[in-house]
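Hello,

Here is the structure we spoke of handing over. My notes on it follow below.

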Amino acid sequence: MLDKGNGRVWLVKIPKHLMVRWAAIDTEDVHLASIRVYKNAVGPSGRSPRIFLFLPPDPNDPTPRDPSLPTFAPDAAFIPSGEGTMQVDRYELEMVNEDVENQLVVAERPKDPGPSGSNSASYNPRARTTILTGRIKHECNLRPLFNESYRQQMRERTRKYNTPRRQILMIEEAGVSRGGINRLSSGVNSGSFANMIKSKPKPAKGTFERMARMPRNQLLDLLFTLFREQPRWSIKPLRERTQQPEAYLKEVLTAIASLNRSGEYNGMWELNDVFAKEGMKAENVPGPSSIPEGDVGMDDYDEDDDEDDDMEEVS
């Protein structure tokens, strides 16, 4: 039903810590939680019914479980929260908007390669087809149930985040001798005090690579050759093939090609129609490539100086 676009979807905002726990599950068809609807109960906002969400309990917890709570199979997905995060097992689903209008849920799927198949030269594996999945009917917020367990975890989290990470340590308590204190005062970091200060790790060498610019006309000829191999390129493979700085490569590309900013070939460069002809070279591109490189010498103005010498001053 959802694939036809007629499904009624609930838009639920869930806490981040719960999303992290659910995202850690890679297995399909796993019981994540149970939802109960109490039709006659009235919530704090005065609305009825009340909707609760229960997570599977810890199977290693010996505490007896309330028989009125939902039961879970042994293979239910219990995901313990990380260290310092909240371990909440009960939530309340609060209805924010019962009748949402003009909100849709869409999805993307790989585009059908067509009769030619995925081996065709025109096939783009990045092409996607947008489909309508459903229409949002209700908007809800999922919040932890404010019980004694939740209060205790909130107090523990507050205490942890209010504890400074760096504690003040007295030199006398660190076991530094008088000689170590004298060396410290002279700027020498050694002895027991050296372990109290952690030096910042140096960045790894070789992570930054410089690329030398080639002449503009040579780069244009190389780009024409690459575009004859295939009509469209993204910037990353072009940079790998040309071994040029990205800023310089984009500057030259804008003179002969255009960037597709939407549609099937979004993010790919394509030659302009005027340069898509066979046998196109750098000399056919107007711009800085047609201006001779190098500085203009003073010898270029000798002719003007000779003309000034032939002129006579008349008083």
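Predicted model: local features only at pLDDT ≥ 70, side-chain atom pairs only at ≥ 80, totals over all residues.

**Helix 1**

Helix 1 spans residues 16-23, and its buried residues are His-17, Leu-18 and Arg-21. The arc they cover around the axis is only 100°, so they lie on the same side of helix 1.

On the face turned away from the buried side, helix 1 carries the exposed residues Lys-16, Val-20 and Ala-23. The cover over the buried residues of helix 1 includes strand 4 (90-97) and strand 6.

**His-138**

Strand 6 runs over residues 128-144, and His-138 is placed in it. Is His-138 buried or exposed? Its relative accessibility is 13%, and buried means under 20%, so His-138 counts as buried. The side chain of His-138 reaches the backbone oxygen of Glu-98 at 2.7 Å. Neighbours within four places in sequence aside, the residues in contact with His-138 are Arg-8, Val-9, Trp-10, Leu-11, Met-95, Asn-97, Glu-98 and Val-100.

**The sheet of strands 7, 8 and 9**

An open sheet is formed by three strands in the order 7-9-8, with antiparallel pairing. Strand 7 (232-233) and strand 8 (257-259) are the edge strands, each pairing on one side only. Strand 8 and strand 9 (residues 269-271) run antiparallel and are joined by three bridges. Ser-258 has Glu-270, in strand 9, as its bridge partner.

Regards

Notes. Residues numbered from 1 in each chain as written. Heavy atoms only, no water. Helix = DSSP H or I, 4+ residues; strand = E, 2+ residues; numbered from the N terminus. Buried < 20%, exposed > 50% of the residue type's maximum accessible area, 1.4 Å probe, protein only. Polar contact = N/O pair within 3.5 Å; in protein donor to acceptor, adjacent residues only side chain to side chain. Contact = heavy atoms within 4.5 Å. Arc of directions from axis to C-beta. Pairing = 2+ DSSP bridges.
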